[in-house]
Amino acid sequence: MNKHIQELVSRYGNKVVENRRYLHAHPELSFQEEKTARWIRDALIKAGIPMLEGISGNSTVGYLKGERPGPSIGLRADIDALGLVEENKLPYKSITPGVMHGCGHDAHTAVLLAVAEILAAHRELIKGTVYFVFEQAEEFLPGGAVQLVKDGIMDKIDYMFAIHVDAENPVGTIDIEEGSRFAAVGTYDFKITGKGGHGGFPHTANNPLLPISHLISSLNLIPALKCDPLANCTITVSYLHCGIDGVANVIPEKAVMGGCVRALDTHLRDFMMSEVERLGRAVCAAYNCDIEVSTVYGYPAVVNNGNCVALMADAADELGITRLHVPPRLGAEDFSYFAEKKPSAIAWFGLADPSGTHEPTPHHSPKFYLSDEDGLPLALMYMLTVYCKACERFH
Ligand SMILES: [Zn+2]
Ligand SMILES: [Zn+2]
């Protein structure tokens, strides 16, 4: 099987790199991926791959049925880019002002399209049904995955797999682990109203900065004292606006503060969010200020299924890809919505330059760089291997 897949990938040639570079040059922001979606749909039509009806927005789900019975496997790529000004000097640099594929979703899209095109030409490899899920807006709440779930794709799909490229680890490495891998996130926003007044007459006013100064320290006591010390969680105060710069003798009337909550466990995130709200209200009441609370419960934690992880790990071993054992991260990924419904797993697939000529770059950086010529054919081979293994192992 390995040799056959290798041959299919080499016959596919450089197209996966060319497609990734085309997408890289033409990035679109989350929920605005109209041209990218059209490009994907045109390619699927050309390859003779039908698409599911009733999929919302710029997401697209192609599918192929095999002649042999088997499982319904979903393979997922996200398609959106970020609001960044690219600083790389590359021939395929972004030509859309202020927008850049700075997380590698261009690579995900190119690899998944290549898998789809190869399977369309080699249907003998398909057992059951394979779904190619091109998801809009992974980067921007509420994310594209939650709508795909509402559109019913997880009623059809039994197992979902994905890779996310990793610009910090070299080609030939992978991070695939069982359990909680990415955080559940939430945001809060407090609008606090006191009573404005003269600095010389504080007793006639009610400064909203007083509850805020208290809240900044007490919010941070939630992870420290209200959560299991062995749990992984954090609260950030990210913004605070009050008063006018340099106006020293006026007590302000209003203040705004907010930030985010992250935990590796979705229930813990929910608990922390309710504590943040409770504390905000209680502290403002203590200082006799009014408070308006807005909260957003974002993506749940990504929990990788053990059987899916074992399969993805075996596929990596078969291709000689080194498994890194990276601790979970408090970043977020809306792949979690699929994994909540059916056994699923997502791996981080090394795409930093193995020769060291290009320094590894962080994700969401204007210098974000992928060693695509080395890494994308391997990523393609990997996803095909994962798919074929899933057909062997799952029914
Ligand atoms: Zn990202
Ligand atoms: Zn991403």
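Modeller: Here are the ground rules, and then your questions. This is a predicted model, in which local features need pLDDT of at least 70, side-chain atom pairs count only at pLDDT 80 or more, and totals for chains, interfaces and linings use all residues. Residues are numbered from 1 along each chain as its sequence is written, while chains are lettered from A and ligands numbered from 1 in the order in which they are written.

Colleague: How many helices and strands does the chain have?

Modeller: Helices (H or I, at least four residues) and strands (E, at least two) are DSSP runs, numbered from the N terminus. Counted that way, the secondary structure comes to eleven helices and 15 strands.

Colleague: What percentage of the 395 residues count as buried?

Modeller: A residue is buried if 20 or more other C-beta atoms lie within 10 Å of its own, exposed if 12 or fewer, and partly exposed in between; C-beta atoms are placed from the backbone. The C-alpha atoms fill a box of roughly 80 × 45 × 40 Å along the principal axes. Of the 395 residues, the buried share is 47%.

Colleague: Which residues does the UniProt annotation "binding site" cover?

Modeller: The annotation comes from an unreviewed entry. UniProt positions are given in the numbering used here, feature names are shortened, and annotations may be inferred rather than shown by experiment.

Colleague: Why do they gather at one spot?

Modeller: They span 262 residues in sequence. Yet they gather at one spot, because no two of their C-alpha atoms are more than 13.4 Å apart.

Colleague: Is C103 buried or exposed?

Modeller: C103 sits in the loop between β2 (68-78) and α4. Not counting residues up to four places away in sequence, C103 touches L82, E139, H363 and H364; contact means C-beta atoms, placed from the backbone, within 7 Å. Within 10 Å there are 22 other C-beta atoms, so C103 is buried.

Colleague: And H364, what does that count as?

Modeller: H364 lies in the loop between β15 (344-352) and α11. Its contacts, leaving aside neighbours within four places in sequence, are L82, G102 and C103. H364 has 15 C-beta neighbours inside 10 Å, so H364 counts as partly exposed.

Colleague: How is α4 set against α11: parallel or oblique?

Modeller: Two packed helices are described by the angle between their axes and the distance between the axes. Axes are lines fitted to C-alpha atoms, for helices over the stretch in contact, and angles run from 0 to 180 degrees between N-to-C directions. The axes of α4 (residues 105-121) and α11 (residues 372-393) come within 9 Å and cross at roughly 50°. Under 35 degrees is roughly parallel, over 145 roughly antiparallel, 65 to 115 roughly perpendicular and the rest oblique, so α4 is oblique to α11.

Colleague: Which residues of α1 meet α11?

Modeller: α1 and α11 pack at about 140° with axes 10 Å apart, and are therefore oblique to each other. On the α11 side the contact has P377, L380, M381, L384, T385 and C388. On the α1 side it has I5, Q6, L8 and V9.

Colleague: Which residues is I5 in contact with?

Modeller: I5 is found in α1 (residues 2-12). With 22 C-beta neighbours inside 10 Å, I5 counts as buried. Leaving aside neighbours within four places in sequence, the contacts of I5 are M381, L384, T385 and C388.

Note on methods: Contact = placed C-beta atoms within 7 Å.
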